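User: Please examine the structure shown below and answer some questions about its helices.

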Amino acid sequence: PEIIVAIIDTESDFRHHKVSSTGDLSLAQINPKVWNAEFKRLGYGHLDTIQLKKSERYALIKMGQILSNLKVRYAQKDSKWFARYHSKTHSLKHIYSKKVETRIRKIASL
């Protein structure tokens with residue numbers, strides 16, 4: 001749960017209607033162009049962009065599917081597996097993981 005909350009804080013600052021300059025949608029900041037191919041491969045079907053914009057529940061379910069998939073695929077070899085939510089690029093992943101970890105510590109201190 002801490003990772004999910006920290007990612008939402010990092011990605012959208014809990015603003016449900018946020019749309020980034022790269023097309024990421026909702027409080028989970030999911031990019032349909034990036035994730036639709038993976039969802040199709042996994043048999044999840046296409047992301048519903050209208051629901052991503054309208055429904056926090058839908059966005060959180062899809063975020064959970066993405067994070068679950070990343071954890072299964074990478075957690076054994078990569079302790080920062082959650083940073084792949086943002087980027088597969090090593091340098092960007094490193095920067096992102098630091099941001100998320102800072103928020104996790106912030107949450108733990110509350």
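User: Which helix is among what covers the buried residues of helix 5?

Analyst: This is a predicted model, in which local features need pLDDT of at least 70, side-chain atom pairs count only at pLDDT 80 or more, and totals for chains, interfaces and linings use all residues. Residues are numbered from 1 along each chain as its sequence is written, and side-chain values use heavy atoms, with hydrogens and water left out. Helices are DSSP runs (H or I, at least four residues) numbered from the N terminus. The cover over the buried residues of helix 5 includes helix 1 (2–12).

User: Where do the buried residues of helix 5 lie around its axis?

Analyst: Buried means under 20% relative accessible area, with a 1.4 Å probe and protein chains only. The buried residues of helix 5 are K93, Y96, S97, V100 and E101. Seen down the axis, they fall within an arc of 140° (taken from the directions from the helix axis to the C-beta atoms), so they line one face of the helix.

User: Which residues of helix 5 does helix 1 meet?

Analyst: Contact means heavy atoms within 4.5 Å. On the helix 1 side, the residues are E2, I3, V5, A6, I7, D9, T10 and E11. Their partners in helix 5 are Y96, K99, V100, R103, I104, K106 and I107.

User: Is R73 buried, partly exposed or exposed?

Analyst: R73 is located in helix 4 (residues 56–74). Exposed means over 50% relative accessible area, and partly exposed lies between the buried and exposed limits. Because its relative accessibility is 42%, R73 counts as partly exposed.

Technical notes:
Helices (H or I, at least four residues) and strands (E, at least two) are DSSP runs, numbered from the N terminus.
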